[in-house]
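Hi,

Here is the structure I promised to pass on to you. Have a look at it first, and then read on for what turned up.

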Amino acid sequence: MNVDPVEIKKFDSLAQRWWDRNGEFRPLHDINEIRVRFISKHTKIPGSTVLDVGCGGGILTESLANLGAIPTGIDPAQGPLTVAKLHAVEMGLQDRIRYLQTTAEELAKDEKQFDVVTAMEIVEHVPDFAETVRALASLTKPGGNVFLSTINRKPIAYVVAILGAEYVLNVLPRGTHEYRKFIKPSELAQAARNAHLSVQRVQGYRYNPIMRSTSLVPDASVNYFLHAQKL
Ligand code: SAH
């Protein structure tokens, strides 16, 4: 199975903190708006079926539901999914979102496909990202759109995303990220093409954890999105 148990344990143990905007998952809250804007700019959300892979506690999943999507959130970790389900009830979204404890690879064995597939801040936590990308592609309808976000394997990303975020500013728990698992845009794009996806764009984005602000930037040396379309 393309799941690292150490990763699952990390997210399971902190799950109850998922919706604390000032807690361990604060960066996911802070970057949510920019990714929702990026996704909405490049695909139609209202009325679309969306699969949110590695949804965690459902930060993105809920935003997409609020924009009129028909979302399914999946995650192999039980803790975050339990939190996601409870939070959906709290928000009155329980009939709008379906949450399943599974992986993209497992779900891809069913025939069902989605208009939009998102996998945000996931591929740097899986043993074999190319395998995940293949599963994302097979879960997408022909003509549908896939959105990924991750962190580049560049020294500057080590300084910003690990030293800065985990050791200096303490906005992420230490050990959240491992440098060797970061992925270069060229590698992610190649995996997408190998999975018969057509890469539409790689878009860098910046997160300033002190100002808690985000912006799209021309260079993808730290955080970036990749948008691809299923042919
Ligand atoms: N996508 C969410 C959560 C990101 S945190 C967001 O951006 O808001 C990373 C998530 O990846 C965790 O919930 C973790 O349980 C999940 N994860 C870990 N291994 C995975 C795998 N192999 N497949 C899918 N998700 C995985």
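Let me start at the ligand: a polar side-chain atom of R35 lies 2.7 Å from one of the ligand's oxygen atoms. D75 also has a polar side-chain atom by a ligand oxygen, at 2.6 Å. From N2 it is a backbone N or O atom that lies 3.0 Å from a nitrogen atom of the ligand. On its own the ligand has 570 Å² of accessible area, and the protein covers 98% of that (areas by the Shrake-Rupley method with a 1.4 Å probe; for residues, only the protein chains shown count as cover). There are 17 residues around the ligand, and N2, R35, G54, D75 and M120 come nearest; a residue is counted here if one of its heavy atoms lies within 4 Å.

Before you go further, please note that this is a predicted model, where local features need pLDDT of at least 70 and side-chain atom pairs count only at pLDDT 80 or more, while totals for chains, interfaces and linings use all residues. Residues are numbered from 1 along each chain as its sequence is written, and side-chain values use heavy atoms, with hydrogens and water left out.

Next, the aromatic rings. A pair of aromatic rings is described by the distance of the centres and the angle of the planes. Rings of Phe, Tyr and Trp (its six-membered ring) pair if their centres lie within 6.5 Å; planes under 30 degrees apart are stacked, over 60 edge-to-face, and the rest tilted. By this rule the count comes to eight aromatic pairs. One of them is the stacked pair of W18 and F25, with 3.9 Å centre to centre and 15° between the planes. Both W18 and F25 are buried (buried is under 20% relative accessible area, exposed over 50%, partly exposed in between, with a 1.4 Å probe and protein chains only).

Y158 and Y179 form an edge-to-face pair, because their ring centres are 5.7 Å apart and their planes stand at 85°. This pair links distant parts of the chain, 21 residues apart: Y158 is in helix α8 (residues 155-168), and Y179 is in the loop between α8 and α9 (185-194). Helices (H or I, at least four residues) and strands (E, at least two) are DSSP runs, numbered from the N terminus. With a relative accessible area of 35%, Y158 is partly exposed, and Y179 is partly exposed with 27%.

There is also one aromatic cluster formed by F38, F147, Y205 and F225. Elsewhere, K112 lies over the face of F114, at 4.6 Å from the ring centre; for such a charge over a ring, NZ of Lys or CZ of Arg must be within 6 Å of the ring centre and within 35 degrees of the ring normal.

Now to the strands, which pair if DSSP finds at least two bridges between them. Strand β6 (residues 197-208) pairs with strand β8 (residues 223-230) in the antiparallel sense, over eight bridges. Y205 has N223 in β8 as its bridge partner. β6 is also antiparallel to strand β7 (residues 213-217), over five bridges, and R206 stands opposite S215 in β7. The hairpin of β6 and β7 has four residues between the strands, and R212 takes a positive phi near 60° there.

What joins the side chain of H227 to N145? It is a polar contact of 2.7 Å, meaning a pair of N or O atoms within 3.5 Å; within protein, one must be able to donate a hydrogen and the other to accept it, and residues adjacent in sequence count only if both atoms are side-chain atoms. A second polar contact, of 2.8 Å, joins the side chains of H227 and R201. H227 is placed in strand β8 and counts as buried, at 3% relative accessibility.

N208 belongs to strand β6 and is partly exposed at 31%. A polar atom of the N208 side chain lies 3.0 Å from the backbone nitrogen of M211.

Finally, two residues for your backbone check. E121 is not a glycine, yet has a positive phi of about 55°; E121 sits in the loop between β4 (114-120) and α7 (129-138) and is buried, at 11% relative accessibility. N170, in the loop between α8 and α9, has a positive phi near 55° and is likewise not a glycine. At 49%, N170 counts as partly exposed.

Best wishes
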